[in-house]
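User: Could you take a close look at one part of this model for me, the helix packing and the sheet beside it? I'd like one connected walk-through.

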Amino acid sequence: GHFREQREFTSAALAPFVETGLGLKSRLHPLAAALALVALRKLPKTIQARDENYRLFREALANVPRIRVPRTHPNVGRGGYFRFIVFYEAEALGGLSIERYVEALRAEGVAEVQLGSLVRPLHTYKIFQKEGLALRQALPFGRLAPRSRRTYRPGDFPAAETFSATTLQFPAFTEPVQSLIEQYAAAMRKVAAQHRKLVSSN
């Protein structure tokens with residue numbers, strides 16, 4: 001699997017890399033394969049249902065202040081539906097931080113909203129920022145890796161960092177959820193209308 005738990009690490013040298021969660025997903029068992037085959041047969045209907053929910057979500061957010069939905073070009077299909085992503089413009093709401101905005105949304109019952117920073121740019125993980133023997137041991141086939149390699153630091157990919165810091169994530173619903181989407185939009189309009197009060201209470 002590609003998940004790591006702190007308790008799996010006994011090496012102090014490798015402990016800093018526990019946050020990464022990178023690895024091979026090569027543990028497919030027969031039941032998982034059977035479930036995947038069934039899911040693949042349903043994939044066109046799943047995509048169609050999520051397309052419809054995304055359309056409803058996009059329309060519901062059209063009049064929500066300072067929320068922008070990424071554009072999908074007419075001749076392009078969306079490549080994935082891990083989550084529905086929207087951009088948040090903090091400066092236009094008096095500098096209301098995205099963290100405070102999410103907190104206020106959750107207080108209005110939008111429990112599923114997540115910060116875009118939930119998905120960090122890869123270059124901010126220590127495994128891509130450090131060199132050395134411990135790192136080569138941590139990487140797949142690490143002993144075959146070059147003795148030196150390029151490392152990264154915050155600021156190297158400003159577009160990725162901005163995307164992570166200024167987006168909100170909502171579930172990519174498959175079942176009909178129009179009423180829930182409308183409740184999301186209503187909560188976002190309410191929070192935007194009260195942004196001065198929220199900023200002053202920080």
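Analyst: Let's start with a pair of helices: α2 (residues 43-60) and α6 (residues 178-193) have axes that come within 9 Å and cross at roughly 25°. Axes here are lines fitted to C-alpha atoms, for helices over the stretch in contact, with angles running from 0 to 180 degrees between N-to-C directions. Helices (H or I, at least four residues) and strands (E, at least two) are DSSP runs, numbered from the N terminus. α2 and α6 are therefore roughly parallel to each other; angles under 35 degrees count as roughly parallel, over 145 as roughly antiparallel, 65 to 115 as roughly perpendicular and the rest as oblique.

A quick word on the source: this is a predicted model, where local features need pLDDT of at least 70 and side-chain atom pairs count only at pLDDT 80 or more, while totals for chains, interfaces and linings use all residues. Residues are numbered from 1 along each chain as its sequence is written, and side-chain values use heavy atoms, leaving out hydrogens and water.

On the α2 side, Asn 53, Leu 56, Phe 57 and Ala 60 make the contact, and α6 brings Gln 178, Ile 181, Tyr 184, Ala 185 and Arg 189. Contact means heavy atoms within 4.5 Å.

α6 also packs with helix α3 (residues 98-107), at an angle of about 125° and with the axes 9 Å apart. That makes α3 and α6 oblique to each other, and their crossing is right-handed. Here Tyr 101, Ala 104 and Leu 105 of α3 meet Ala 187, Met 188 and Val 191 of α6.

Now the sheet: four strands form an open sheet in the order β1-β2-β4-β3, with antiparallel pairing. Two strands pair if DSSP finds at least two bridges between them. β1 (67-68) and β3 (114-115) stand at the edges with a single partner strand each, so one side of each has no neighbour in the sheet. β1 pairs with β2 (residues 83-88) over two bridges, and Arg 68 stands opposite Phe 87 in β2. α2 packs on this sheet, touching β2 and β4 (167-171), and its direction makes about 20° with that of β2.

Methods:
Left-handed = near helix turned anticlockwise from the far one by under 90°.
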